[in-house]
Amino acid sequence: MKMRKYNPVTLATGLLVLVIFLAMLFCFQVRQTEVVVVTTFGRYTRAIAEPGLKFRWPWPIQNLHRFDNRIHNFEKHYEQTTTRDSKTILVDVFLGWKINDPKIFLERFNGDMKRAEEGLEVLLRAAKNSVIGQHPLSDLISPNPQDLKFSQMEQEMLNSIKPAAKESYGVEVVALGIKQLGLPQGVTEKVFERMKAEKDLLVKQYQGEAAGEAIRIRSEADLEKERILAEAEKQARIIRGQADAEAAKYFKTFEQDPEFAVFLLKLNALEQALKDRATLILDTRTTPFDVLNSKQEVGTGKRQGEQP
Amino acid sequence: MSDPLNLDKLPKRPKPADEEGLAPTTFEDASAQALSEALRSSFRIIRLIMIGLVLLFLCSGVFVVQPNEQVILLRLGKPVGVGEGMLFQPGWHWAWPYPIDEKVRIRTGQSQTVTSSTGWYAVTPEMDATNAMPTAYGFLRPESEGYTLTGDGGIVHVKATLKYRVSKPLRYHLDFADVPALLTNVLNEAIFHASARFTADAAVYKDRPGFRDAVMERVNELVEKLDLGIVIETGDVEVLPPADLFDAYVKVNNAEEQRGTELSKARSYRDETVRTAIGQAKAIINSGLVSSNWLISQVVADERAFLDQLPLYRENRELYKQRLLAAAMERVLTNASVKFTLPEQFDELRLQVTREPEKLESKTSR
């Protein structure tokens, strides 16, 4: 009996198809960004976070549940809460979370991310109300940074939610922050009224300050001017006094003939006094007009006068 | 006659058996032969198609990494390479087709932008297009109007915009599901964190740079803490008072401007006055110096003149005095502008002592 000869290409193709089919049945990929939970007949078998090609028993023996293993962002709704000093505020908080225990996560939420976030929301609400209820509003907002406990309150919320999220949901909360802080609508109205009143007060304060401060600056300037001029006068007098004292040293010379010295000084003073634009009214007895007077001897006129 | 259609070269129809004198061929054999020929042709075509598909399969693995991006190649889910070698740089590369290899493209060279989403007033597309300001209602609806609370219990609108670049692509993509969303919330947190410690006035106009710095400082702190795999390039922070307080803020600004103007004028007056006083003081001191110098030089000159003339004077005292007097009178009379000589005997001399004529004269002369 003659054996039928198969085409090698056909054989290889068939083999390839078979390998692919078997690989699809028995193998699966785990990506770097995900964790895969394998269940056997619905029971948890193992969780694989290591990326690569893994083995499995085909469906329906084993089933795969894939979860994104990265840090997720979760935002909660804007909710009302009360501070320790009975102030009503609105707070919204965000979370950064990732799957920490895939087994618990699967059992708790059956792999449903939406349900997981709903669970986190419950935990977050409790943590937020608890922490904010222990602090006055001034711990959240204050012009004095030393009084602020904004970051501390965030850390308290994180510390509060972390263990519960891990144990109950298999979730690790890696970050938490207050993303919104507000007031009820009616309170915003009151805040506006207060802010307007403050602004009106500020306008009056500025106007008052402008007038008062300007007057103060001007008067200080006048005072300073007087002080500077007085100081200059003092200095000038000192200089003149020193000059007078210096000049007095030369008077010893004049003592040789005081009459002549005084005569010379007078002549000098006369010339200086009548140097510019003088009007002179003299009679004929005044030198040199006394020459006009024939009855009087030349050089005997003693009077002279001047009228500026 | 020639055969342009080459009909002679066409395969000849097999001749009937009786024509060739051979045994007669059955109709089934011919059909099987035709079928075999057809199948052979089909296989040939299929083989060509398969070769083509294999080539296409292999070529589909070629990919290009653009200059502004980096690629992480997941082979069977696991990144190819180690450390920085996991990142495929710009250029041509080859990978097995999906599902063996999977390419994750990350924009690393290009700046990306996120904007805070909770501190700004509600903006409709029409308002956005016309850059319109919000309307004042006397209150803010918390569910639709964004705002922040300031340290002094005030309300302001704040919007922060951040430009960033991916610096650690592996961390950015492999450890975070949605970095822009997380970064937006980091930005939201930062504007509330900064607002909580600034007064409304400081945030709106008194210390805008300080407020901006506080926001950016907080953003940097959180980005570093979370290690988001990004580097922040620039950040911008806008602050606006609520619409209900626009007028109040304008009045405050005007009053502050007015105060500034008044104070500026007063300071100018002070500077001018002090400068003038200093100038006058210098003039006074200089005047004192000049007069003292003049006095000294005058006295020295007088002393010299006295000593020079004293021997002459002692020779004939009266004559020398008269000579000096006459010479002095000459100089005085020469310089005097108006001179009156009265007769020796007169009953009455009336002088009108007024400076008016002189003033008129001086004006005229000028």
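This is a predicted model: local features need pLDDT of at least 70, side-chain atom pairs count only at pLDDT 80 or more; totals for chains, interfaces and linings use all residues.
## Chain B overall

Ten helices and eleven strands make up the secondary structure assigned to chain B. The chain has 366 residues, of which 37% count as buried. Among contacts in chain B with a separation of 6 or more, 76% join residues 24 or more positions apart.

## Helix H5 of chain B

Helix H5 of chain B covers residues 179–195. Burial extends to 16 of its 17 residues, so that H5(B) is mostly covered.

The length of H5(B) agrees with expectation, because 17 residues at 1.5 Å a residue should span 24 Å and the end C-alpha atoms are 24 Å apart.

## Packing of H7(A) against H8(B)

Helix H7 of chain A (residues 258–273) packs with helix H8 of chain B (residues 246–315) at an angle of about 125 degrees, and the two axes lie 10 Å apart. The crossing of H7(A) with H8(B) is right-handed.

On the H7(A) side, the contact involves Glu259(A), Phe260(A), Ala261(A), Leu264(A), Leu265(A) and Asn268(A). These meet Gln298(B), Asp302(B), Phe306(B), Gln309(B), Leu310(B) and Tyr313(B) in H8(B). By class, the residues of this contact comprise seven nonpolar, three polar and two charged. An α-helix has 3.6 residues a turn, so residues three or four places apart point the same way.

Conventions
Residues are numbered from 1 along each chain as its sequence is written. Chains are lettered from A and ligands numbered from 1 in the order in which they are written. Side-chain values use heavy atoms; hydrogens and water are left out. Axes are lines fitted to C-alpha atoms, for helices over the stretch in contact, and angles run from 0 to 180 degrees between N-to-C directions. Helices (H or I, at least four residues) and strands (E, at least two) are DSSP runs, numbered from the N terminus. A crossing is left-handed if the near helix is turned anticlockwise from the far one by less than a right angle, and right-handed if clockwise. Contact means heavy atoms within 4.5 Å. Ala, Val, Leu, Ile, Met, Phe, Trp, Tyr, Cys and Pro count as nonpolar, Asp, Glu, Lys and Arg as charged, and the others, Gly among them, as polar. The expected span of a helix is 1.5 Å times one less than its number of residues. Buried means under 20% relative accessible area, exposed over 50%, partly exposed in between (1.4 Å probe, protein chains only).
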